[in-house]
Amino acid sequence: MKDIYFKNDSPFDNEYKPLYDRDFNFIMSLFLFRHTTPNFARMFPEVEAYLSLTLKAIGDPNMKQQLRNLSPADLKNYEAISVGGNLVEVLGFNLLKKKSGASVSQSAFAIKCSKTIATQPLVLPIESGNKYSDLQYTVGTWGNINVAPYKIEENDLSKRKLPFEGSTYPYLTISDFMEDILVRVPYTLNTECYFNGNIDTDKETCAYLLPLTPRFFDYFTVEDLMGEMANGEKMFEMELVAGGSVKTVLRIPINGDNRTDYIEYSRIYYNGRKPNVTEKVNDGGIVEFSFTGFIMPLIRFTNSEQAIYDVSCVSGVSSKYDFTFYSQSNKISLTSKSCRNEDKQGGNFKAETYHIEYSNFDFIRISDRNGNSGLIVPIFKEQKSIDTFEFAIDLGTSNTHVEYRKSGENSKVFSLSKEDKQHCEIFLQRKDDMGNAIDLILEKQLIEKDFLPDEIGTEDFRFPTRTVLSYAKTTDWTNVIEPFALVNIPFTYDKRRELPYNNFKYNIKWGSGEDDVIDSYVRCLMLIIRNKVLLNNGDLQKTKITWFYPISMAPKRLKRLQATWDNAFKKYFGDGTTYRMTESSAPIQYFFKRYATATNLINIDIGGGTTDIAFSNNKEIDFVTSFRFASNVLFENSFSDLDDNNGIVDYYKNEILKLLEDKRLSELISIFNSSCNSKPSNMASFLFGLKDNTIVKKAKVNDKKVDFNYILQEDEKFKIVFILFYTAIIYHIAQIVKAKRLDVPRHISFSGNGSKVIRIITPDAKLLAKYTKLVFESILNKPYGKELEILGMEKDYNPKESTCKGGIVGEGKNDVEDIIVFKSDCSGFVTPSDTYDCVTDEYKGATIHAVKDFFNFTLKEMNEKFNFDKNFGVDYNSLKIASYVSNNDLDTYLEKGIAQRKEESESTDTIEETFFFYPIKGVLHAISQEIYQSLINE
């Protein structure tokens, strides 16, 4: 009985209270009994007199008026008292009590929440005193000595019994809203993007997860949590107190009265202590989690069906943290969860990535293996579908480039700045006065390598980027592979040391039997683009995507590639399809726009794997051709994946490695020695990129010592290989011009990343134009008759931009070109009847003869007319080697080239590219090897 109170009165004690000082509902029940009992004054004169005195003693005029106004109609709010099934009566008249339901529903402690709920639980105070004493509880006021327990074992609210009253009715106390434990994290919270609990601290060395339970969100929203009460007080706040402890305050709105409209809960979490929270004790404890992570993108979707999130937890490999996602107070289902370093294959950290689709979420509950939990509440940016964007994607053999245009603006290279950073990190890296990072160093590196760098378009990380897919060694390709889970586009490739649990896929564009790889690469690209649109208030469904392909691509592979792009577009942008253009036509659209005089123009788009050529007149494309003879043939054996040798790369790579070792650039040495760069074309790409690497720049290394392009420009020993490469392309074009009886071009433009190798011959565009004119004149047997201008050879020009910019200004024109294939025996053009199964030995022999004619034309006739050594700088011994090697094994190279092509074509397919370049590929590799051997044998 000692825990039962009616207002401030405990029944059955020795302290008697006059009726006017008792609970008003009790007073009302007696006055209603008096009013509804016939002849009450005659039957109970003493009680009548006492009630009259009580009415006079009550000082509150409102109470007096309520008592005077009682009528039989008020019986609806009261019921007879029953004990053990027996009614309590006096002389046959039932004594009354306030109906329990009516009492609770009118309680001032009923929660006042922003959500619609079936039953309003009471929110009861945990502190005594006068603050809540006059608030109506159930059948009386709360009083100044009542306190609710801090913690209740019964988790089912419907089974709880109201304290000091005994009725079964839902009620809430502090531990329904607050955790026993406060989680501290030793990093600086990103307060622009995540709610800090209104903690006021100058310390940036640590942050705290919010010690709130999911039950709080049964009644309130995230906006409520971050908001204020009517009097301006914050709903939730935290405060650092003595000894590293933290005090939290939570204010829960109630019906209240005109003075009090919320219950204030407070708990101190003590540093260095375990929690001690019971019915009577309210001492919280502090534990420490060590992790970071991010949300990508930090957008709240207008239509949750469009939602796609990737959320990652980065922690030590032995740590165990679980992320649970909630929409309001409901757990949401994950699409997948993955970890690249789950088997602890190397490195000190791991990233566990959660993939969520078709649902927004409001907060994340983070738990450790001991059940300790805290919340992260993101501050989402609302989706706004205002602007229209279009993107052009040049997915090349070696490099990928992306340009975009916002409606009403000019196109520009795809970039990510601090303003539209895609992955919003939970904690920020701290730096010293010199700008050097002092924490989260390895975690930050992992995020850069396995996901995205903070910015794209500055320093080392930019487009064009290598066409490489990074993936976990444990990846099971039979499963659905989500972007940025086990795979990503590694912008750090060849620029930063690899992580030991990753592998890389190359030759994505042409890889045979690896459709899953190009699917993953395209989806990674499309997800980055999607997030760019979202973060810049773009309309997903109005986004336009244009991509490019070489016309030499086999039809069945092109069909598969089209499906890959369209499927990705449907997933990330909605119904619709992508646009495609040939790699030959897109750049020429750009040059038409950029150069007013560029009317009669031939564009040569040199990639890593293919070269595409467009012939135009009067700013209209007449026809195009394409072949797999591009920059990679200079740095690899085109006919053997097992041959890791290349004379050009092998001769210079060790010299550059020694420089890196002398400068103690361990990160770059590690990249140099990685298994990825055992392939010579990969090593060449690494060497070409060194001069722009910030690690090299910070070490103040002489640019010319690591500028591979400059080194090869100055080289005379291997220059003949590059001259033969360039001349073969121009020779082929001149043969087409002759066969078609075309006018010679006023301009020749270069696009594609592979065209950078042309500058190795000479950076002088006028000198190169002079040589090019001479090739045309020698084949056409007549003077050129006009000026020839070479476009796209400027020093800082990005040759891949012209393709993407052309895709945007050309408005994605599809497949309008007349595609031609010049026969490899130089006898004319391929017709539909010229199929692979029609290739005869005679035709092969004629092809070999045409290739021999080319080598004789270049190495003898053109050298006599133009003097390679005088104009370009060519070593005499190298020229001799080229002349000798160019006659060897031509038939073998031709057979290997045809066999490779047949692997992805049907025998009844029309021949889709000339065989002319197949023997030349093999010869160029053999020449560079012979020159290399001659040099090391000196």
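**Figure 1. Strand β24 and its two antiparallel partners in the predicted model.** Residue F323 has I366 of β24 as its bridge partner. This bridge belongs to the antiparallel pairing of strand β20 (residues 321-327) with β24, which extends over six bridges. The structure shown is a predicted model. I366 also stands opposite G374 in β25, and the pairing of β24 with strand β25 (residues 373-376) is antiparallel over four bridges. Because five of the six residues of strand β24 (residues 363-368) are buried, the strand is largely enclosed by the rest of the structure.

**Figure 2. The hairpin turn of β24 and β25.** Four residues lie between β24 and β25 in this hairpin. Within the turn, G371 adopts a positive phi of about 85 degrees.

**Figure 3. Helix α18 and the residue that follows.** Helix α18 comprises 22 residues, 719-740. From its first C-alpha to its last the helix reaches 32 Å, close to the 32 Å expected at 1.5 Å a residue. Of the 22 residues in α18, 19 are buried, and the helix is thus mostly covered. Just after α18, R741 takes a positive phi of about 55 degrees.

**Figure 4. The largest nonpolar core, viewed around F629.** The largest nonpolar core contains 112 residues. Its members with the most contacts inside the core are I604, F629, I720, F725, I733, F776 and I920. Helix α18 supplies the largest share of this core, namely 15 residues. Not counting residues up to four places away in sequence, F629 touches G609, T610, T611, F725, A728, I729, F917, I920, K921 and L924. A second, separate core of 92 residues includes V185, I332, I456 and Y549.

**Figure 5. The buried acidic residue D460.** D460 is located in the loop between α8 (441-450) and β32 (465-466). Because its relative accessibility is 4%, D460 counts as buried. The side chain of D460 makes a polar contact of 2.8 Å with the side chain of R496. Leaving aside neighbours within four places in sequence, the residues in contact with D460 are K495, R496, D692, N693 and T694.

**Figure 6. The exposed loop residue G408.** G408 is found in the loop that lies between β28 (399-406) and β29 (412-413). With a relative accessibility of 90%, G408 counts as exposed. G408 and F389 are separated by 19 residues in sequence and by 9.7 Å in space, C-alpha to C-alpha.

Terms used: Residues are numbered from 1 along each chain as its sequence is written. This is a predicted model: local features need pLDDT of at least 70, side-chain atom pairs count only at pLDDT 80 or more; totals for chains, interfaces and linings use all residues. Side-chain values use heavy atoms; hydrogens and water are left out. Buried means under 20% relative accessible area, exposed over 50%, partly exposed in between (1.4 Å probe, protein chains only). A polar contact is a pair of N or O atoms within 3.5 Å; within protein, one must be able to donate a hydrogen and the other to accept it, and residues adjacent in sequence count only if both atoms are side-chain atoms. Contact means heavy atoms within 4.5 Å. The expected span of a helix is 1.5 Å times one less than its number of residues. A nonpolar core is a set of buried Ala, Val, Leu, Ile, Met, Phe, Trp, Tyr and Cys residues joined through side-chain atoms within 4.5 Å. Two strands pair if DSSP finds at least two bridges between them.
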